[in-house]
Amino acid sequence: MPLHQYHFNASISSSSSTFLAPPSAFASSSRTQNFSLPLRNSEICRCVATPQEAKTPTAYKTSVSRNANIGKLQAGYLFPEVARRRNAHKEKYPDAQVISLGIGDTTEPIPDVITSSMSKKCQALSTLEGYSGYGAEQGEKSLRAAIRSTFYADLGINDDDIFVSDGAKCDISRLQVVFGSDVTMAVQDPSYPAYVDSSVIMGQTGQFQKDVEKYANIEYMNCTPVNGFFPDLSKSARTDIIFFCSPNNPTGAAATREQLTRLVQFAKDNGSIIVYDSAYAMYMSDDNPRSIFEIPGAREVAIETSSFSKYAGFTGVRLGWTVVPKELLFSDGFPVARDFNRVVCTCFNGASNIAQAGGLACLSPEGLKAMREVIGFYKENTEIIVDTFNSLGFKVYGGRNAPYVWVHFPGRSSWEVFAEILEKTHVVTTPGSGFGPGGEGFVRVSAFGHRANVLEACKRFRQLYK
Amino acid sequence: MYKLLICNSTLSDKLFDPGCLHTSFGIRKEKKDHYTNVPRNANLEKLPKGYLFPEISLRQHQHLEQHPDASLISLGIGDTTEPVPDIVTSRMADFASGLSTLEGYRGYGAEQGNKELRKAIAETFYKDVNVKDSEVFVSDGAQCDIARLQLLLGSRVTASVQDPSFPGYIDTSVIIGQAGDLDHETGRYHRLEYMKCGPENKFFPDLRRTSSTDVIFFCSPNNPTGHAATRQQLEQLVKFAKDNGSIIVFDSAYATYISDDSPRSIFEIPGAKEVAVEISSFSKFAGFTGVRLGWTVVPSELCFSNGFPVIHDFNRVVCTCFNGASNIAQAGGLACLSSEGFEGVRTRVNYYKENAEILLDALASLNIKAYGGQNAPYVWVHFPGMNSWEVFDMILEKANIITVPGCGFGPGGEEFLRISAFGHRESILEAARRLKALFS
C-alpha cells in the first residue's frame with residue numbers, strides 16, 4: 001500500500017512520551033469534564049455522564065430507533081459523576097493536592113516477576129519460534145490450568161470450566177448476553193453498578209423509578225449493618241439470576257460459610273443461578289470461603305467471576321476469568337457452559353496473549369508471593385483508614401476482607417458527605433448511594449493509593465472530623 | 001506423529017472446547033442432576049449447532065488421525081503468521097517493564113482508549129476525512145466491537161448482510177435477537193436481509209432489489225471474497241443508506257491490503273458520516289491477532305431517528321460493558337502508527353500480498369477462476385456446480401491443505417472456497433505446488 005496515503009505521527013519517542021507521562025504527585029490522572037465533543041484538556045478520559053436529551057438536532061437523522069433499553073439508563077453513572085465533580089473541584093482549587101480514594105484503581109507498580117514475563121512475551125512475538133496469532137477464545141490451556149490449581153483445587157472444577165477474559169466487567173456483560181432479556185435478576189443493595197447497568201442494557205428491567213431509585217423488575221436485596229450485610233432471603237423474591245459479590249464491593253463484607261450455604265440452598269430451591277463475583281477473594285483475612293464452589297452443591301447453581309485487576313494491579317493490563325461448571329444446566333437441561341462458550345467464541349476473541357503471559361507469571365510461586373505482598377500493602381492502607389475513622393467515632397464496616405472501607409454517616413445524604421469531604425479535605429471518595437439506594441448514608445473509601453497519600457488523607461480526615 | 005507446517009494453537013484448543021464435542025454434553029442422563037429453572041436464551045437456540053471454524057478443526061483432526069504423517073498446510077483460518085516488527089514489540093516490552101516502576105505504572109485507562117492512540121488512529125487513517133480523536137474508540141478487536149455495536153442497536157432493529165460474509169455479523173445478530181429463525185432449507189435467517197455478492201454482480205449487491213433495513217453490514221475489502229468496493233459502488237451504498245435512513249456498519253479491517261485506489265474508508269464518501277460507523281483492527285496489518293487491538297469510528301453526526309447521537313450510546317455501552325483494551329496492546333498500537341513502525345508492518349502486509357499473488361498465479365495457470373487476492377489476503381476460488389464442503393474435503397484429502405468452504409460464509413458462498421494467504425512463504429509455495437499437482 002502506498003505510504004503517502006497515510007499520515008504519520010512524529011517519531012516513536014515523542015509520540016509515546018505523553019503515553020508514558022508520569023501522573024502528577026498526590027493526584028491520580030485527571031479526568032475530563034462532561035463528555036462534550038470535541039474533548040478538551042484531558043489526559044485520560046473516563047466514561048462520563050451522557051445527557052438524556054438529544055443534542056441540537058443535526059440536519060439529517062437516520063430512521064433507526066434508539067435502543068429503548070439504553071434510554072432507561074440514568075445519566076449519572078457513578079464513576080464519571082465522581083470524576084466530573086473532582087475535576088470541577090480541581091479547577092476551583094488549582095493548587096490543592098487532591099487525593100483520590102474514590103475509583104478503586106490500583107496504584108502500586110506490578111512486581112518484576114510478572115512484568116518481565118510480559119516483556120519476554122512481547123519480544124518473543126518478534127521471533128519465528130515465539131510468534132503466536134489467534135489464541136483460543138477460552139484462554140491458553142496453561143493459564144486455565146494454573147487458575148484451576150491455584151484457586152479451585154479440590155473443588156471439582158476442571159480446567160475447561162474456566163474461561164479467561166479481559167476482565168470481570170466484560171464477563172458480566174457476556175453473561176448477560178448469554179442469559180438474554182427474558183430473565184429476572186436480583187442484586188445486593190448496595191452493589192457494583194455494572195450488574196444493574198448491564199441488566200438494563202439487555203432489556204431485563206423496567207423503567208427507573210425515581211422515588212425509590214430502583215429499576216422495576218430488579219429484586220434489590222438490602223444489605224445493611226442490621227442484617228450483617230447478608231440479605232434476608234426469606235424476604236427475597238425468586239429471580240432467575242442472583243448477582244452476589246463477596247468480599248463485597250462496596251461494603252467490604254465477606255459472607256460466611258453458613259451464609260453462603262444458605263444462599264446456595266436458596267438458589268437450589270428456587271432454581272436460580274448465582275453469579276458470584278469473587279474479585280476480592282485474596283483480600284480475605286477471615287476464614288470465609290474464597291470461592292462459592294467451597295459450598296457443596298454450588299456447582300449446580302453458580303457461576304464465579306474473578307479478576308487479576310486488584311491482585312496484580314492489572315486494571316489497565318486487562319485479565320480475568322469466569323468459571324462455568326459443567327453441572328450448571330438451564331431448565332431444559334442444556335449446559336450453561338455451552339452457551340457461554342458460544343458467546344465467548346462469537347462476541348470475543350480472547351484476552352491479550354501478553355496479558356495471559358503475565359497471568360501465568362502471577363500464578364507461579366514467586367508471582368503469588370509477590371501479589372500477596374502488594375495485596376498486603378493495600379490491606380495495610382485499609383487498616384490505616386479504618387483506624388482513622390474508628391478513632392473519630394464513626395461506625396466503620398468492611399476493611400478487613402476487602403480494600404474498601406464503608407463509613408456510616410447516619411441520616412446524611414451520601415452525596416453531601418462526599419461533597420463535604422472533597423471541599424474541605426480535597427479527598428475524593430465515592431458516595432454510597434451511587435451503588436444503589438441501600439448505600440445512602442454511607443461513603444466508600446477505597447484503600448488503593450501510595451502510602452504517603454493514604455496517610456495524608458487520613459490526617460486531613462482527622463482534622464475535619466475531630 | 002503428524003507435522004503441521006503452520007501450527008495454530010487455536011485449532012487444537014478448539015478441538016476440546018465444549019461447544020465442539022457434541023457428544024460430551026447431552027440430555028441429562030441421571031435423574032439426580034439438578035436443573036435450574038432458568039430458561040435457556042431462545043436466541044442462542046437459533047444458532048446452528050456446528051459452526052464454521054471448529055467444524056473445520058474437527059475435520060482437520062480426523063484427517064490427521066487417519067494420516068499421522070501428513071504435512072498439513074493451513075490456509076483456513078485467517079491467522080497471521082509472521083513475527084511483529086521489533087520496533088513495535090520492543091515498545092510493548094518497554095511499556096510492560098515500565099509497569100514495574102512508579103513513573104511507568106498505569107492503572108485503569110479510559111474505556112475509549114488512550115488519548116494519544118486515538119489521535120494517532122485519526123491522523124493516520126482519517127486525516128483527509130476529518131475524523132476527530134473523540135470519534136475513535138479503541139477496542140480489543142473487531143469481533144468484540146461488532147458484539148458491542150449489536151448491544152447498542154438492540155433486538156428490534158433489522159439488519160442486512162452481504163452474502164457471503166464474515167459469520168460474526170449474522171451470529172451476533174442472532175444472539176441479540178434480530179435475526180428470527182433459521183430456515184434450514186435455504187440456510188437463511190427469516191429476518192435478515194441477504195445481499196448476494198458474486199461474480200455476476202461484481203461482488204456488489206443490486207441495491208434496487210434489496211429491501212431496506214435499519215442496519216447494513218458491509219465489509220470492504222471483503223472477507224471472504226477479497227473484493228474491494230469501488231468508489232462508485234460505495235457512493236451507491238451511502239445513497240441507499242441515506243434514502244432509507246439506514247446505518248452502515250462498515251468493516252475496513254483489510255484496508256491496508258488495498259493495491260488500487262479503492263476507498264480505504266467509508267468516510268471517503270461524502271455524506272457517509274451521517275449514515276455510517278466504521279470498524280477496523282490491528283489484527284491483520286500488525287499481526288495482532290493474539291495481542292488484541294482494534295477500533296471503531298462513530299461520527300458525531302450520526303443520529304438515531306429521534307435525533308439522539310449514536311456516539312453517546314456507544315460510549316455508554318463501552319463504559320458499561322468494557323474496560324478498555326490492554327494498555328500494553330495500546331502501546332504497541334501507537335508504535336505501529338509511528339513512521340518507523342508503519343514501515344515495518346507494511347512489509348508484513350506486502351509479504352502476505354505476495355503470498356496471495358503466488359496463489360492467484362497458481363490457480364490462473366490451472367484455469368481455475370479465482371477472485372480477490374489483490375486487495376485482500378483472501379483468494380475466492382470458484383468451483384462451479386460443486387458442493388463447497390466436498391471441495392474442501394477433496395483438497396484436504398488429496399493435497400493436505402486446509403481451506404474454508406464458501407458455504408460457511410452464507411448460502412451465497414456455495415460453490416466457492418476461501419484460501420487465505422497468511423503463511424510462511426515456503427508453505428505458500430508448497431501449497432501452490434500441491435494445487436498444481438492436484439488440478440493439472
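Predicted model: local features only at pLDDT ≥ 70, side-chain atom pairs only at ≥ 80, totals over all residues.
**A tour of strands and helices**

**Stop 1**

Now show strand 3 (residues 136-139) of chain B beside strand 11 of chain B; the two pair in the antiparallel sense over 4 bridges.

Are the two faces of strand 11 (residues 294-297) of chain B covered or uncovered? Both are covered: Gly294(B) and Thr296(B) lie on one side, Trp295(B) and Val297(B) on the other, and all of them are buried. In a regular strand, side chains alternate between the two faces of the sheet.

**Stop 2: two helices in chain A**

Move to chain A and select helix 12 (residues 365-391) and helix 14 (residues 451-465), whose axes are 10 Å apart at an angle of about 5 degrees. These helices are therefore roughly parallel to each other. To see the contact, show residues of helix 12 including Phe377(A), Ile384(A) and Phe389(A), and residues of helix 14 including Val454(A), Leu455(A) and Phe461(A). The contact residues divide into 8 nonpolar, 2 polar and 3 charged.

**Stop 3: an annotated span**

Finally, select residues 97-461 of chain A, which an unreviewed UniProt entry annotates as "domain: Aminotransferase class I/classII large". This span is 37% helix and 16% strand, and its end C-alpha atoms lie 14 Å apart.

Definitions and conventions:
Residues numbered from 1 in each chain as written. Chains lettered and ligands numbered in written order. Heavy atoms only, no water. Axes fitted to C-alpha atoms, helices over the stretch in contact; angles between N-to-C directions. Parallel < 35°, antiparallel > 145°, perpendicular 65-115°, else oblique. Contact = heavy atoms within 4.5 Å. Nonpolar A, V, L, I, M, F, W, Y, C, P; charged D, E, K, R; others polar. Buried < 20%, exposed > 50% of the residue type's maximum accessible area, 1.4 Å probe, protein only. Pairing = 2+ DSSP bridges. UniProt positions renumbered as here; feature names shortened; annotations may be inferred.
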